[in-house]
Amino acid sequence: MQPTTKTAIKRIATVLLWGGVLAGFAVLLAAAVNDKEKAKCKGIRVSLRGDDRNAFVDVKDVKALITADKSLNPTGKPISQVSLAQLEKIVERDPWIRSAQLFIDNNQLLQVEVEQRDPLARVFTFSGNSFYLDGDGERIPVSDRYSARVPVFTNFPADAVKLRSEDSLLFAQMRDMAAFIATDTFWNAQVEQVVITEDRKFEFIPKLGDHIVYFGEGTDVANKFARLLVFYKEGLSKAGWNTYTRLNVAFRDQVIGTRRDGKSAPPPPMYKDSSAADIAAQDDDDHAAPAATVAAPPSKPAERNPDKKPVKTAAKPAPKKTPKPATGDRQKPRAIYQKPNQRNRN
């Protein structure tokens, strides 16, 4: 037999061999799929993702959603008859569930992976209704069984789900402010209640300290909280946490404080670090500068003349003191925390 013929026969044999292997694999795969389709679902396994501290649904709640309709209950039913897409829609209808994914594993168990909604704040409206607000800006109904430990916003002006333009802007600012508080450990522990004022501004009552913080509009949130934190560290830590009745961070690059005792703030401390904040005191009380001492020019040495006696120089009269302002003209003192001047560094 010629070499070319032998080579051709080997190639044909190799092709037939691999063809048989692939055919056998396809048969086994079809049989496995057929067996799986005929197999019955043995049970349901649920896994929850989200903040465990504010979990408003549990494993039993999810299983109850799936098994509520007996015709859709997958347990004991052939896998080919289980409608995964329909069951996903049923689970995702729950307002506390953000998304759900269902599949059947190799052990014939229905795996249900659920992502919960995480509330950022609880909102109370003018009419007394309340709801939770999550990171997506979605409203979550209040649960009868659980209560999330989140900051509270009060006096929101609208109850309707579809908001007017001005209410939508206020809602967005409230969401941004709640999101920042939720992600910051210190402010999450410090901010207890945020009040929406009549002019659609924000102020809150902190847990530490007997004062109110006027926040203004819910914009530039991170910068306002950063300035307030510096004032807490550099101002209240020295003056006392109960020194001020009100702190105002609405103005750019400053914190204005109203003292409880009506006195002026202490003089500003000196900082060598230009990045540190200066606390400027606006003192309206009587702190007139002391009269400056005027130094007389040095007298020329007297000429040596024994016949003349030294002449005495008359003393220069002291400057008049500035009269004190009337009590009724005094303005209410306030302490101002101001951003350091970058041009004049110490």
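Helices (H or I, at least four residues) and strands (E, at least two) are taken here as DSSP runs, numbered from the N terminus. On that basis, the secondary structure of the chain comes to six helices and 14 strands. The model is a predicted one, in which local features need pLDDT of at least 70 and side-chain atom pairs count only at pLDDT 80 or more, while totals for chains, interfaces and linings use all residues. Residues are numbered from 1 along each chain as its sequence is written, and side-chain values use heavy atoms, with hydrogens and water left out.

The confidence of the predictor in each residue is expressed as pLDDT, on a scale from 0 to 100. For the chain the mean pLDDT is 76, and 70% of the residues reach 70 or more. Among the elements of the chain, the highest mean pLDDT (95) belongs to strand β7 (residues 152–156), whereas the lowest (38) belongs to strand β13 (residues 278–282). Over residues 264–315 the pLDDT stays under 50, and for this stretch the model has 49 contacts beyond four places in sequence, a contact being defined by heavy atoms within 4.5 Å. Residues 321–335 also have a pLDDT below 50, with 20 contacts in the model beyond near neighbours in sequence.

Of the contacts in the chain with a separation of 6 or more, 56% are accounted for by residues 24 or more positions apart. Buried residues make up 32% of the 346 residues in the chain, where buried means under 20% relative accessible area, exposed means over 50%, and partly exposed lies in between (1.4 Å probe, protein chains only). The accessible surface of the chain comes to about 23,000 Å², of which 54% belongs to carbon and sulfur atoms; such areas come from the Shrake-Rupley method with a 1.4 Å probe, and for residues only the protein chains shown count as cover.

Although Cys41 and Pro74 are 33 residues apart in sequence, their C-alpha atoms are 6.2 Å apart in space. When residues up to four places away in sequence are not counted, Cys41 touches Pro74, Thr75, Gly76, Lys77, Ile79, Gln108 and Leu110. Gln108 in turn lies in the loop between β2 (97–104) and β3 (109–116) and, with a relative accessible area of 15%, is likewise buried. With the same exclusion in sequence, Gln108 touches Ala39, Lys40, Cys41, Lys42, Gly43 and Ile79.

The backbone of Gln108 has a positive phi of about 60°, although this residue is not a glycine. A positive phi, near 65°, is also found for Arg200, a residue other than glycine, in the loop between β8 (191–196) and β9 (202–206). Arg200 counts as partly exposed because its relative accessibility is 28%.
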